[in-house]
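Colleague: I would like to go through this model with you, slowly, as I am still learning to read structures. Please put it up and start with the words I will need.

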Amino acid sequence: MDDQEAIRMKCLVCDGSTKAGLFDWHRFCPSCRYESADLAPVINEAGAHTRVDELDREVALKSLRAENFKVIVDLINRLVPVSAKRLLDVGSAHGWFLDEASKRFDVVGVEPDTAVAERARDRGLPVRIGYFPDVLNQSELFDVIVFNDVIEHIPDINRALQASYDQLSPDGLLVLNLPRSSGVFYRIAKVCARFNWHGPFERMWQKDLPSPHVHYFNEKNLDALVTRHRFQPLQSRHLSSLSSGGLLERLRFVGQVHPVALYTQCLILRCAIPFLKLMPSDIVVCTYRKR
């Protein structure tokens, strides 16, 4: 076994041995339940945006994320002092979180996807094009650093967490908003995969998209990883993974289906939303204090 293979088989969180998962690109740790994927990002490569129409994706996701971003900003407001001013949004994408957070903070966004970042800058948003932390000055400090649906995409997550610590002011706040492996839709997708219906599980990992997921955490193993980087866990909160607003557009974006099937799915999910609130959510936001 070479060094690269040994690293691949070692659990990122607990240093145990991972096992082969449901596909040749998927692995999991039987000890701490961390899951990983051998999927490579292709952001900014030629043809990357032929895999997904970003305008359609924006329409499909905006309503739900706007709702959740209001919840996150409210949570941040309750955890930081009034004197906290500077907020960094890593992977700021279309700038929706910057729009919401700018009502309270002096915001800066970092976005590696050039095409997406330029559209946000065209709207007047303060977005730096490139990768975190490379586009920051080492002396720059922020009171809050937020990763919205981003940390699970970063292959070298330890570097990202260390950089977050270095770029946060004393007692600064780290906010991680990400999908969770104990969510109801993720569990259903796993069952489907075991019965050879691969689509739902591959969509959960965003396989074949420009920036696939390479990690899946639950709150326990995420806390274990982040605390190793000198952060103190504060609290976690589950967020909505479905909302009636934008639901039809999201279903239309996920896959090409017959209109009758599309509207039937939409009706069923709209009726199910109140009951899904009783189920384990697929999205969690976790907050940490720099120690």
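Modeller: One definition comes before anything else: helices are DSSP runs of H or I with at least four residues, strands are DSSP runs of E with at least two, and both are numbered from the N terminus. Please also keep in mind that this is a predicted model.

Colleague: How many helices and strands are there in the protein chain?

Modeller: The protein chain has ten helices and eleven strands. Of its 291 residues, 50% are buried, and among the contacts between residues at least 6 apart in sequence, 69% join residues at least 24 apart.

Colleague: In what order do the seven strands of the open sheet come?

Modeller: The order is 6-5-4-7-8-11-10, with mixed pairing, and at the edges are strand 6 (127-129) and strand 10 (231-239), each of which pairs on one side only. Neighbouring strands in this sheet are turned against each other by 20° on average, if direction is ignored.

Colleague: Which strand pairs run parallel, and which antiparallel?

Modeller: Strand 4 (residues 86-90) and strand 5 (residues 106-111) run parallel and are joined by five bridges, with Asp89 having Gly109 as its bridge partner in strand 5. Strand 8 and strand 11, by contrast, run antiparallel and are joined by seven bridges, one example being Leu176 with its partner Cys286 in strand 11. Strand 10 and strand 11 also pair in the antiparallel sense, over eight bridges, and there Leu239 stands opposite Ile283 in strand 11.

Colleague: Is strand 11 buried or exposed?

Modeller: Strand 11 is mostly covered, as eight of its eight residues are buried. The cover is on both faces, with Ile283, Val285, Thr287 and Arg289 buried on one side, and Val284, Cys286, Tyr288 and Lys290 buried on the other.

Colleague: Now the loops. Where does Phe132 lie, and which residues does it contact?

Modeller: Phe132 lies in the loop between strand 6 and strand 7. With a relative accessibility of 11%, Phe132 counts as buried, because the cut-off for buried is under 20%. Leaving aside neighbours within four places in sequence, Phe132 is in contact with Leu88, Val90, Val110, Phe147, Arg159, Ala160, Ala163 and Ser164. Of these, Val110 is 22 residues away from Phe132 in sequence, yet their C-alpha atoms are 6.6 Å apart in space.

Colleague: Some of those are in helix 5, I think. Which residues of helix 5 are buried?

Modeller: They are Ile157, Ala160, Leu161, Ala163, Ser164, Tyr165 and Gln167, and these buried residues pack against strand 7, strand 8, strand 9, helix 8 (219-227), strand 10 and strand 11.

Colleague: Let's switch to helix 4. Which of its residues are buried?

Modeller: In helix 4, Val116, Ala117 and Ala120 are buried. Looking down the axis of helix 4, the buried residues fall within an arc of 95°, so they line one face of the helix. At the start of helix 4, a side-chain oxygen of Asp113 comes to within 3.2 Å of the backbone nitrogen of Ala115, and after the helix comes Gly124, whose phi is positive, near 90°.

Colleague: What about the open sheet of four strands: in what order do they come?

Modeller: Their order is 1-2-3-9, with antiparallel pairing, and the edge strands, each pairing on one side only, are strand 1 (19-20) and strand 9 (215-216). Two bridges join strand 3 (residues 35-37) to strand 9, and the bridge partner of Ser36 in strand 9 is His215.

Colleague: Last topic, then: how many disulfides does the structure hold?

Modeller: The structure holds zero disulfides. For Cys11, the closest cysteine sulfur is that of Cys32, at 3.5 Å, which is too far for a bond because the cut-off is 2.5 Å. Cys11 is buried, with a relative accessible area of 2%, and Cys192 is buried as well, with 14%.

Note on methods: Residues are numbered from 1 along each chain as its sequence is written. This is a predicted model: local features need pLDDT of at least 70, side-chain atom pairs count only at pLDDT 80 or more; totals for chains, interfaces and linings use all residues. Side-chain values use heavy atoms; hydrogens and water are left out. Two strands pair if DSSP finds at least two bridges between them. Buried means under 20% relative accessible area, exposed over 50%, partly exposed in between (1.4 Å probe, protein chains only). Axes are lines fitted to C-alpha atoms, for helices over the stretch in contact, and angles run from 0 to 180 degrees between N-to-C directions. The arc is that of the directions from the helix axis to the C-beta atoms. A polar contact is a pair of N or O atoms within 3.5 Å; within protein, one must be able to donate a hydrogen and the other to accept it, and residues adjacent in sequence count only if both atoms are side-chain atoms. Contact means heavy atoms within 4.5 Å.
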